[in-house]
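Reader: I have a new structure to look at. Can you walk me through it?

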Amino acid sequence: QSEISLMYTQDGKGRRIHHLVLAPSKEVVEQITEALLKKGRVDYDGRPIFGMSSIEFVEMLRNISDKIEVIPAHCMTPWFGVFGSKSGFNSLKDCFKEKEKYIHAVETGMSADPPMLWRFSHLEGKNLVSFSDIHSFWPWRLGREATLFDTDIDYGQILNAIRTGNKLNGTLEVPPSYGKYHYDGHRLCNVVLHPDETKKHNGICPACKNKLTIGVAYRVEELADRHEGYKQSNSKKFSSVVPLTELIAAAYGIKQLSSKKTWEVYNKLLNSFGSEFNILLNADKDKIAKVVDIKLAELIMRNRTNEIKIKPGYDGVYGELVVTDKIENKNKTLVDF
């Protein structure tokens, strides 16, 4: 698998779209690489850039193998999502034209979740997936989102699940407000606005008077033709959880996720419970408290029920967990965060 960046002009507008590519074998990968080398370089970036349209891209890959899958990546992000506010489209049909029939799924990514995309009628029948490319050498960037399959570790079975939804059980998501583009704003101006405020300012930054970076919450309302709370007919279950490292840092007031303290606690929990997702979704509160303490155990429980307040991210800035209240353990002892 890989991720490819396409930069081109379509319908009179500059487009910058990221796509995931899944391939069935090394032989097919070599053919893809050979085809891409005719369009540009593949050796200078982890996400190489090519000047062709999404229509041409799908056609090129279909000519190599019908077992190759193209999935629009992090579909709502402003700059490179297929529905992004800066260079995206209003529908899959707008982007792919007659090749839209070969797009079976879209990726929610960190900036969106299934309920947002269920509001788009043009995605009816399309499956929703989410993955987590590492983007850097920092280990906490790995595995923040995932897709759940009830299949063997077999390309054909996984591909069939993505294309049909059969044995695709759902996704593990990060709350969209924690993503880097939830609200509108300007990072350099330290301006962050709710979509209603953006409308009052006509999309203009009140500090520098330039156009704001319009975030996902605003863009969803622009594109949605269904009411909030609508559930798509082929909808799958999903869980929304903040990553464990962020919870550890919030519980102990740690500023840096790379701190020694964060990783001491993280590895202690992994040694006891086996995996991060098991800790976030399944581990017993009292057992967690015995390994670490009640503060973190309670925060993990709140995470499962989406009770943690998040200061929304904007214009490339991650959201922040807001943990300032008290919790009460089983002995009725107040514990300050």
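Author: A term to begin with: a crossing is left-handed if the near helix is turned anticlockwise from the far one by less than a right angle, and right-handed if clockwise. Helices (H or I, at least four residues) and strands (E, at least two) are DSSP runs, numbered from the N terminus. This is a predicted model, where local features need pLDDT of at least 70, side-chain atom pairs count only at pLDDT 80 or more, and totals for chains, interfaces and linings use all residues. Residues are numbered from 1 along each chain as its sequence is written, and side-chain values use heavy atoms, with hydrogens and water left out.

Reader: Which hand is the crossing of H1 and H2?

Author: Right-handed.

Reader: And which residues of H1 and H2 meet there?

Author: Val28, Gln31, Ile32, Ala35 and Leu36 of H1 meet Phe57, Met60, Leu61 and Ile64 of H2; contact means heavy atoms within 4.5 Å.

Reader: Now H8. How many of its residues are buried?

Author: In H8 (residues 244–252), 7 of the 9 residues are buried, so the helix is largely enclosed by the rest of the structure. Buried means under 20% relative accessible area, exposed over 50%, partly exposed in between (1.4 Å probe, protein chains only).

Reader: What covers the buried residues of H8?

Author: The cover includes helices H9 (260–273), H10 (276–281) and H12 (294–304), and strand S13 (320–322).

Reader: What comes just after H8?

Author: Gly253, with a positive phi of about 65°.

Reader: Last one: what is the strand order in the open sheet of 4 strands?

Author: S3-S1-S2-S4, with mixed pairing. Strands S3 (49–50) and S4 (69–72) are at the edges, each with a single partner strand, so one side of each has no neighbour in the sheet. Two strands pair if DSSP finds at least two bridges between them.
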